[in-house]
Amino acid sequence: MIGKFDNNMQFHEVALRLREQRQQVLASNIANADTPNYKARDFDFAQAMQHALAPANSGASELSATNSAHFSAGSSQTIGGVPLQYRAIRQGSVDGNTVDMDVERNQFTDNALRYEASLTIVTGQIKDMLAALQQG
């Protein structure tokens with residue numbers, strides 16, 4: 001019973017952490033909507049969840065340098081083990097900025113709603129667990 005509860009809580013903990021990181025990426029896109037040559041970024045949430053929850057992937061992507069002349073592999077940004085990618089350009093602008101505010105606002109709102117839903121589910125599960133412990 002506790003193992004099942006722990007696995008479920010781990011799932012929601014990972015989901016909330018990734019949602020929070022995605023919210024930061026989307027907020028950064030919105031904040032830089034008027035910055036010349038800024039490229040909008042995002043990551044595949046489903047792929048990040050799969051990577052983060054896979055037990056075989058914990059630390060498997062770490063590279064080690066065998067020579068001092070090797071470049072560091074940590075220079076590219078990853079979230080949940082998935083690389084942060086540039087969003088496809090839907091409508092280019094003269095200054096090279098690729099932020100589409102309609103897309104960013106929709107993604108930001110969708111991500112916020114999903115974050116709140118996960119938080120509500122976790123809160124409900126904790127309340128149920130507390131009620132079960134107090135009753136018996």
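**Note on the predicted 136-residue chain**

1. Of the 136 residues of the protein chain, 26% count as buried, where buried means under 20% relative accessible area, exposed over 50% and partly exposed in between, with a 1.4 Å probe and protein chains only. The model is predicted: local features need pLDDT of at least 70 and side-chain atom pairs count only at pLDDT 80 or more, while totals for chains, interfaces and linings use all residues. Residues are numbered from 1 along each chain as its sequence is written, and side-chain values use heavy atoms, with hydrogens and water left out.

2. Three helices and four strands make up the secondary structure of the protein chain, and along the sequence they follow the pattern α-β-α-β-β-β-α. These elements are DSSP runs numbered from the N terminus, with helices being H or I of at least four residues and strands being E of at least two.

3. An unreviewed UniProt entry carries the annotation "domain: Flagellar basal body rod protein N-terminal" for residues 9-39. UniProt positions are given in the numbering used here, feature names are shortened, and annotations may be inferred rather than shown by experiment.

4. R22 is in helix α1 and is buried, with a relative accessible area of 6%. The C-alpha atoms of R22 and R41 are separated by 9.7 Å, although these residues are 19 apart along the chain. A27 also lies in helix α1, but A27 is partly exposed, at a relative accessible area of 33%. From A27 to E104 the C-alpha distance is 8.2 Å, across 77 residues in sequence.

5. The loop between α1 (2-31) and β1 (41-42) contains N37. The phi of N37 is positive, at about 65°, although N37 is not a glycine. Most residues other than glycine have a negative phi. N37 is exposed, with a relative accessible area of 54%.

6. Helix α2 spans residues 45-53, and F45, A48 and M49 are buried in it. These residues lie on the same side of α2 because they cover an arc of only 100° around the axis, the arc being that of the directions from the helix axis to the C-beta atoms. An α-helix has 3.6 residues a turn, so residues three or four places apart point the same way. At the start of α2, a side-chain oxygen of D44 comes within 3.3 Å of the backbone nitrogen of A46.

7. Helix α3 (residues 101-135) has 35 residues, and its first and last C-alpha atoms are 51 Å apart, close to the 51 Å expected at 1.5 Å a residue. The expected span is 1.5 Å times one less than the number of residues. V103, E104, N111, S118, V122, Q125 and M129 are the buried residues of α3. The N-terminal end of α3 is capped by D100, a side-chain oxygen of which lies 3.2 Å from the backbone nitrogen of D102.

8. The loop between β4 (85-86) and α3 holds R87, and A88 lies in the loop between β4 and α3 as well. R87 is buried, with a relative accessible area of 18%, whereas A88 is exposed, at 59%. The side chain of R87 makes a polar contact with the side chain of D42 at 3.2 Å. A polar contact is a pair of N or O atoms within 3.5 Å; within protein, one must be able to donate a hydrogen and the other to accept it, and residues adjacent in sequence count only if both atoms are side-chain atoms. A88 and K39, 49 residues apart along the chain, have C-alpha atoms separated by 9.4 Å.

9. R19 sits over the ring of F45, with its charged end 3.6 Å from the ring centre, and R41 sits over the ring of Y86, at 4.3 Å from the centre. The criterion is that NZ of Lys or CZ of Arg is within 6 Å of the ring centre and within 35 degrees of the ring normal.
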